[in-house]
Amino acid sequence: MKKLNGVAASRGICIGPAFQFHRIELDTEKKEISDPNAEVARLDAALASAKSQIDLIYQKALTEASEADAEIFQAHKMILDDPELISTIKNRIQCERINSECAVSETAEQFAATMAAMEDEYFAARATDIMDVANRVVRVLMNVADSPTADLKEPAIILADDLTPSDTVLLDKSKVLGFCIARGSATSHTAILARGLGLPAVAGAGLDVMDVKTGATMVVDGSNGVVIIEPDEAIEKQYHQRMETSKKIQSEALKFAQSKAHTKDGIEFEVVANIGNVEDAKFAVENGAEGVGLLRTEFLYLERNALPTEEEQYQAYQAIMDVFGKHPVVLRTLDVGGDKEIPYLHLEKEMNPFLGERALRLCLNRPDIFKPQLRAALRAGVGHNLKIMFPMVATVSCVRKAMKVVNECKDEMRKEGIPFAEDAEIGIMVEIPSAAVIADQLAKEVDFFSIGTNDLSQYTMAADRTNPKVAELSDAFHPAVLRLIKMVIDAAHAEHKWVGMCGELAGEPLAAPILVGLGLDEFSMSPPFIPLVKQIIRNLTAEDLVKLAENALQLGSPKEIQVFVKREIPFIAEVIS
Ligand code: PEP
Ligand code: MG
């Protein structure tokens, strides 16, 4: 038995076999071949096999997603039947005597580049499809699986150095019990993904994680940041009991998830979800979300070779808005940079990407990215309750610049006769300390704030959110962060604007009494946390919590604050133990 300590990245416990995650690298290097006819035959076999794979995915999408989603795979099959594309690949194999992997990938890149440059949105969107299909054919040629988890026979605990957003897109989530990550912290991408799926995760567990053998039994205690490898019988039994208790608490809370969250003295709080795609949207509704407080739009930009077109984005946003009908959906404009890289944007490497050209800063410099997204969002908002939100706002002037671009988009669409959501509210994330300090000025510029405690903590405490060595510092329970939160809420209310929170603190049971006491209006969190937070709010009395929040802010450390809340409101300690 071996114990590793890391960072509590996503609550809950799981017990099961370990699985070492290895990234699949495609090898498309040019190689000379001796027998072009045999190589073409190898290619033909790979094309046939890729077609059958696509058929299967099409059937799966038809039953598990929508007809519109499934259509994409019909289009993929048509690409494999495109005579021009296939004959160009074969000609290159015959004339240049090169391997199929290289011929497929280079030819697809050429075709995709031509498509991407076309004015017509439909053709531009096909560029990504071509590269998707080409990568599938190369995987078949190399005899490697579609997903790194394809060989898993039973659900397992994923072990990795760290996972990038692209890695997680490829994971078969139904085969994942939880995560144990060598690096990373509570607000790194893997942690956010785990919370979104309601799976336990420990991050920053150290490089010893990489020595655990696939198949070894392990326990991941995501509530306490503890990992146990090959637990003895007594320990395993203990964890099984804790797992059962927390499952019971969760399923009890789920029974009332669809009801509103009123405190005992009748104050209603809006509890909404952080989501990243249409599957999350459906999951959020099942968990009682009354809307979306943070739609992370990055999902549309990852795992592809060119920017998504306006039309593609419009369709994707509309599908999500349709799930929520008239309930609010706060769509955050693109937040890349920091730890989220998009290779095809060819952004310059920065020494400090979290302090660099990230999010709104990039969008203001790149109207070719910003405008299509704003137009798509505004179009998708027709008939819905759309709110647009800018990430990484540091100054009044950047808000004004962003608003100017919104107004330009609206003017253009008016001239073009395109309907859009005229009255969509515009808000900002308060996640940079400067924005919190000038919240009184910013409140005059926008309709709402949403506090991003993940970044607000890292910037306030000067502690990288992805670095486990400083994870203890970048803690949103720190009084320095909580005092900024109070300033932001008070400043917004003075201007009669509403304030939400979409950072991870909003889903923390121990934070709920403090945030209710400070007067936060909206709590936005990963869907699995919604039922429990609603239940906690229902058991609180808002009037008593104003003083509690004031007292909490006078304490010296995150630990002291958490102990204080547990002592004052003992029932919360019970539900999270
Ligand atoms: C935040 O910073 O708190 C936030 C919600 O945004 P992200 O985690 O996507 O940076
Ligand atoms: Mg952020």
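Begin by selecting strand E16, helix H18 (residues 512-518) and strand E17, which together make a right-handed β-α-β unit; right-handed here means that, with the strands pointing away from the viewer, the path from the first strand over the helix to the second runs clockwise. Helices (H or I, at least four residues) and strands (E, at least two) are DSSP runs, numbered from the N terminus.

This is a predicted model, in which local features need pLDDT of at least 70 and side-chain atom pairs count only at pLDDT 80 or more, while totals for chains, interfaces and linings use all residues. Residues are numbered from 1 along each chain as its sequence is written, and side-chain values use heavy atoms, with hydrogens and water left out.

Next, select residues 498-501, which form E16, together with residues 448-451, which form strand E15: the two run parallel and are joined by four bridges, where pairing requires that DSSP finds at least two bridges between two strands. Within this pair, glycine 500 of E16 has serine 450 opposite it. Turning to E17 (residues 522-525), you will find that it runs parallel to E16 and is joined to it by two bridges, with glutamate 522 as the bridge partner of glycine 500.

Finally, select the cysteines. The whole structure holds zero disulfides, a disulfide being a pair of cysteine sulfur atoms within 2.5 Å. Cysteine 398 is in none, and the nearest cysteine sulfur, that of cysteine 363, is 12 Å away. Cysteine 398 is buried at a relative accessible area of 12% (buried means under 20%, exposed over 50%, partly exposed in between, with a 1.4 Å probe and protein chains only).

Terms used: Chains lettered and ligands numbered in written order.
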